[in-house]
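User: I would like to learn how to read salt bridges in a structure. Please take me through them one at a time.

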Amino acid sequence: VGGLIGAVIGLPAIAYLLDPAFKAGAKEGWVTVGKLGDMQIGVPYPFSFTRTQVNGWERTSTTHGGFVIRKSDNPQDLIVLNSRCTHLGCTINWKTEAQAFVCPCHDAKFSRDGVVLGGPPPRPLDRYTQFRVDDVGVVEIFYKES
């Protein structure tokens with residue numbers, strides 16, 4: 001009888017304590033980056049978002065960012081670039097006077113389309129290729145943790 005009482009009380013308690021270790025955080029999903037009406041044609045529109053992941057008992061938050069470049073009046077004519085330099089991962093910034101994205105770490109330069117113009121980056125800026133614009137003009141990207 002004592003063993004049965006111990007099992008009835010003990011097993012749910014053990015399951016409660018171990019449950020977080022078996023849960024996986026969301027590694028992908030749609031993220032809102034802005035309103036289409038706020039994005040001027042040809043002008044990079046900066047955005048950032050924070051993803052929080054729970055892995056067992058550990059909670060990790062990471063901030064990501066990028067730029068949306070609206071090419072025309074067509075809501076699907078967008079380029080969405082990641083703001084992380086492909087050389088060492090520093091955050092790039094748009095410099096209007098240079099008409100280029102510039103990395104502050106090693107002076108790498110990227111065109112408005114993300115193509116390498118100079119410096120050490122081995123490839124163009126990464127793109128968020130999956131995006132959507134809803135009926136009210138909200139732009140969302142599909143973020144997938146790599």
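User: Is K71 buried or exposed, or something in between?

Analyst: This is a predicted model. K71 is partly exposed, with a relative accessible area of 39%.

User: Which residue forms a salt bridge with K71?

Analyst: The general idea is that side chains of opposite charge can pair when their charged atoms come close. Here the partner of K71 is D113, and the closest N and O atoms are 3.1 Å apart. The pair ties together parts that are 42 residues apart in sequence, because D113 lies in the loop between strand 7 (109-110) and strand 8 (116-118), while K71 lies in the loop between strand 3 (58-70) and strand 4 (78-82). D113 is partly exposed as well, at a relative accessible area of 30%.

User: How many salt bridges does a search of the whole structure find?

Analyst: The search finds 3. Besides the pair of D113 and K71, there is one between D126 and R123, with 3.3 Å from N to O. D126 has 33% relative accessibility and counts as partly exposed; R123 is partly exposed too, at 40%.

User: What does R132 pair with, and at what distance between the closest N and O atoms?

Analyst: R132 forms a salt bridge with E140, and their closest N and O atoms are 2.6 Å apart.

User: Is E140 buried or exposed?

Analyst: Buried means under 20% relative accessible area. E140 has 15% relative accessibility, so E140 counts as buried.

Technical notes:
Residues numbered from 1 in each chain as written. Predicted model: local features only at pLDDT ≥ 70, side-chain atom pairs only at ≥ 80, totals over all residues. Heavy atoms only, no water. Salt bridge = Lys/Arg side-chain N within 4 Å of Asp/Glu carboxyl O. Helix = DSSP H or I, 4+ residues; strand = E, 2+ residues; numbered from the N terminus. Buried < 20%, exposed > 50% of the residue type's maximum accessible area, 1.4 Å probe, protein only.
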